[in-house]
Amino acid sequence: SPPEEVEDTSEPTKRDRSHLENTLKLNEDKPADDVSGVLQRLRKIYHSSIKPLEQSYRYNELRQHEITDGEITSKPMVLFLGPWSVGKSSMINYLLGLDDTPYQLYTGAEPTTSEFTVIMHGPKLKTIEGIVMAADSARSFSPLEKFGQNFLEKLIGIEVPHKLLERVTFVDTPGIIENRKQQERGYPFNDVCQWFIDRADLIFVVFDPTKLDVGLELEMLFRQLKGRESQIRIILNKADSLATQELMRVYGALFWSLAPLINVTEPPRVYVSSFWPHEYHPDTHKELFLKEEISLLEDLNQVIENRMENKIAFIRQHAIRVRIHALLVDRYLQTYKDKMTFFSDGELVFRDIVEDPDKFFIFKSILAKTNVSKFDLPNREAYKDFFGINPITSFKLLSQQCSYMGGCFLEKIEKAITRELPDLLGSIGLGKKPNVLSCDITGCGESPKNRYRKP
């Protein structure tokens, strides 16, 4: 209708997008570095050297973390968190150039995103229901089924044919609404957030400087971000809506309210800008905002380019945990066998061991005989629960987990940790900086002592 057309002419003018395309290398015709060969090798190492030990000692029941093939081959994930109406969806629309297209995410002053929206690459635009996403084991979202049907109705996937999404996946989350009880959401909101936080390569926590309110749900969220500080970037969005002096005050106030929530020596990087397509307000620091935006884009690009290194390091860290778990279960089992006599009551004997593992030097012996850091040892209490579900007699000793053709489970995982995964890292590093990832520097070549191999 004519009146609307008149309105359109007074639309704010749009900024030039060339810095976006250049920094994120969206115009390059050459395919993004081919990583399929490396991924195949990584999958092979995982399935042949790590998974057998993981399954044999039911590691998944201790950590609730199963690695699916979808997770090994998935793209880096960028998670957007923060209160409602701070511009998370607008920022995604802007980065992908979706404004004024049928694909754009809904935005507005009211809480608009009530779903977890996964924006990924696809040949043509389409929407995928959460129930379908969780049912597809080739995707990395199948573990989300455990949060129940109510949650899956709040999960939505959007496939968009965009160059950036060939290399990264975005996840938009429902805004944090203060004073809102979890029950009102109808699904375990914090647990779902934690699932995404644990898998995100980059976490953007977005704030609106005009309504800075750190309430309960946000405090809860920062508690969940503990240990992921290096992935967090804080974004003070809509920065051109304030005068400079006011913006400086807000910047200080933000740090003041976040300081108790993030106690790390190095504060997270804060980006101050307005992430949307419109021109900045006149009389604001345009040059600064543009520089900040380019820094953020470089940061995003870095994560995309380091994705294979991060993936291999993640699998190696997982392997180290599985190995420690197997050594501990083996130690519990050996202690149990040593204490058992013909007349013993097996249950009583084992309860004694589980209640006070230190009396039997279970954890100390692992530290003494294997090169495990005491900081990597799992919580003792966790093993009470673990053995409550898995009787000790259902496990085999590590020394019995060997076959003539396949070799020993423990030796295979140790070879993966000390040789195969570092070599795979090195093979990627060659193209970039030679030997930077070699074992001389990381110390990964140090062979673990193996008390099962006969001298």
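Q: What makes H3 a kinked helix, and where does the kink lie?
A: In this predicted model, H3 bends by about 45 degrees at Ile50, shortly before the proline Pro52. The bend is the angle between axes fitted to the seven residues ending at a residue and the seven starting there.

Q: How do you know what span is expected of H3?
A: The expected span is 1.5 Å times one less than the number of residues. H3 covers residues 36-56, which is 21 residues, and the expectation is 30 Å. From its first C-alpha to its last, H3 reaches 29 Å, close to that value.

Q: Which residues of H3 are called buried?
A: Buried means under 20% relative accessible area. Among the residues of H3 that are buried are Leu39, Leu42, Tyr46 and Leu53, as well as Ile50. In the protein chain, buried residues make up 46% of the 455 residues.

Q: Which residues make the contact between H14 and H16?
A: H14 contributes Leu327, Leu328, Arg331, Tyr332 and Thr335, while H16 contributes Ile362, Phe363, Ser365 and Ile366. The crossing of H14 and H16 is right-handed.

Q: How many helices and strands are in the protein chain?
A: The protein chain has 19 helices and 10 strands.

Methods. Residues are numbered from 1 along each chain as its sequence is written. This is a predicted model: local features need pLDDT of at least 70, side-chain atom pairs count only at pLDDT 80 or more; totals for chains, interfaces and linings use all residues. Side-chain values use heavy atoms; hydrogens and water are left out. Helices (H or I, at least four residues) and strands (E, at least two) are DSSP runs, numbered from the N terminus. Buried means under 20% relative accessible area, exposed over 50%, partly exposed in between (1.4 Å probe, protein chains only). A crossing is left-handed if the near helix is turned anticlockwise from the far one by less than a right angle, and right-handed if clockwise. Contact means heavy atoms within 4.5 Å.
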